[in-house]
Amino acid sequence: MRRSPLKSALLYGSVIGSLAVILFPVYWLFVTALSTTFELSGLPPSFWPENPQWWIFGKVWSERPIPRWLTNSAIAAIGSVVLSMFVSVLAGYALSRFRVRGGHSLGLFILTAKMLPATLLVIPLFALFSRLGMLGSLWTLIFAHSTLIIPFTTWMLKGYFDTIPRELEQAAMVDGCSPLGAMLRVILPVSAPGLAATALYAFVLSWADYAYARTFLVNAQSNWTANLGIATMRGEYTTDWNEISAAAVFVAIPIILIYLFLERYLVGGLTAGSEK
Amino acid sequence: MSVRIDGDPGGAGSTTRIRLFDLARPSRQHILGYILLAPAVLMVILIIAYPLFISFDLSLQDVKLPRIGETRKPFTFKNYQKLFNSSEFWMTCWVTVKLVSAVTAGSVIIGVSTALLVNHRFRGRTVARIAMALPWAVPEVIAVVIFAWIFDSSFGLMSWLFIKLGLTDQMIAWVSTPGPAFWALTVTMVWKGFPFVSIMTLAGLQSIPPDYYAAARVDGANALQRFRWITIPCLMPVLGVTLVLVMLWVFRDFSIIKVLTEGGPLKTTQTLSIMTYDQAFGFFKFGYASAVGIVTLVICVLASLAMIGRQSRAMY
């Protein structure tokens, strides 16, 4: 079916119009970073700075501990992804393939865990970590982020393994693989896209955290994550909007890049198991 | 490694040895299941169940700053009594309900309409889809930085826009005035929350078989009728789950509210989640804070069970 010219103009018009509104805040972040303080303290606002100050990114990178914040965020994210993937690949596979007694109630419990408010868990975790003398260490984040991640990844992976035919393992076992071998050598390689999507989703979850970092690391400046650093910059007495925006760009870019390149995988992971 | 099959017709009875831990035997495979589940069970107990138990236990004690291993304070319902008698708690509940409804309504309306829009076939559709859901990829704290500047009281864009449109004649101190603070927060959360609805709806739209539409066309249904009688009913299951997930997200959110308004001004943007945190780490009343947190959790679980009911399996 072909659309009439009027209809297609209307369609393109509304797509472009809504994209403009939706993406404006992101554009505004860049413009703010590139504007001088003088330009920012005047109205009407300028929608593109006269002399974009590209050097602001270099200035913020060297004057603020951005590289350190990003490294800390990356360590916490990679650590919690590794930990939760290890746990949930095994669990997801078991829940998908074996009839395990208590499997259903474990499932229900994990479902409930998805509803746990982070602000509730943060209280006992704080007490625990302080008892163990771990406050201020990035390990606290690796464990705490796993509380957020494992419930999601386990069910995402279970859903993914459900889509892989059992005949694959059976064939491998006929050919002499042990059940564990069949899982490691046949099923995991076949599930690579699902594993990648899940791991990336987990990475994004960990990178986004602010509540745990703020609570466990507040007195350990050298271990601050990117979000904690940025939020603290916003709380300073005089907020230099161009500097904080430039810093924010650095923090947002890794996730935006992951999203742009791997949109298909991420969206696949997000919707996995929630349809039907 | 060779696998011996029991009851192998070629083998005599004496050769079918039963190895106790031969996990390849179908009757033993569930053991492997338990082994694979063990790390998850251990982790869940260690980092979720045990802390949850501590919270519950704390909520029944009169404690300020607890130390694990200290002798337990006497059992008391004081925290819950104080909670249900405090007007702050009820006001916080009301703020939470308002915020959850406003953000969910906004996210669903914008999310579903953008999904319907990019579900059309047109050139550049893939790019439009990716761009439409981009806010999903912006970390919450960064989203707050952007909107805090847009809603800035001295040089913010939003006030300027309102003045231009003739809605007001002076700059609005969005974040520090009770009413506007709520709306500034709502706008920020909707911007961050609608892409999820959009992504889920799009997935739902694409799972509708095209034959349905073709058949309806043959029967002479117009575009509106096709939307009403095919699109909406087919989307409902996905939308139901999405709705609950968005509500839970708003209900539990910490970072956006904390960084944008800190629950203020005058606690008009303080949700239960923020109240829990502030009672613990602002006033160091861990027992009381735990009580707020437990009540929040109970509301979360009850509300989502009531809303999804039988469909709750779909959330897995």
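Author: Start with the overall dimensions. This is a predicted model. Chain A has a radius of gyration of 23 Å, whereas a compact globule of 276 residues would have one near 19 Å.

Reader: What does the C-alpha trace of chain A span along its principal axes?

Author: The C-alpha trace spans about 75 × 70 × 30 Å.

Reader: Which elements make up chain A?

Author: Chain A has 13 helices and 0 strands.

Reader: What share of chain A counts as buried?

Author: Of its 276 residues, 47% do. To count, a residue needs 20 or more other C-beta atoms within 10 Å of its own.

Reader: Why are α8(A) and α9(A) called oblique to each other?

Author: Helix α8 (residues 167–174) and helix α9 (residues 179–190) of chain A pack at an angle of about 135 degrees. Roughly perpendicular ends at 115, and roughly antiparallel needs over 145. The pair is therefore oblique. Their axes are 9 Å apart, and the crossing is right-handed.

Reader: Which residues meet there?

Author: From α8(A) come A:L168, A:E169, A:A172 and A:M173. They meet A:P179, A:A182, A:V186, A:I187 and A:V190 of α9(A).

Reader: How many of these are nonpolar, polar or charged?

Author: The contact has 8 nonpolar residues, no polar ones and 1 charged. Glu counts as charged, so A:E169 is the charged one.

Definitions and conventions. Residues numbered from 1 in each chain as written. Chains lettered and ligands numbered in written order. Predicted model: local features only at pLDDT ≥ 70, side-chain atom pairs only at ≥ 80, totals over all residues. Helix = DSSP H or I, 4+ residues; strand = E, 2+ residues; numbered from the N terminus. Rg over C-alpha atoms; globule rule 2.2 N^0.38 Å. Buried ≥ 20, exposed ≤ 12 C-beta atoms within 10 Å, placed from the backbone. Axes fitted to C-alpha atoms, helices over the stretch in contact; angles between N-to-C directions. Parallel < 35°, antiparallel > 145°, perpendicular 65-115°, else oblique. Left-handed = near helix turned anticlockwise from the far one by under 90°. Contact = placed C-beta atoms within 7 Å.
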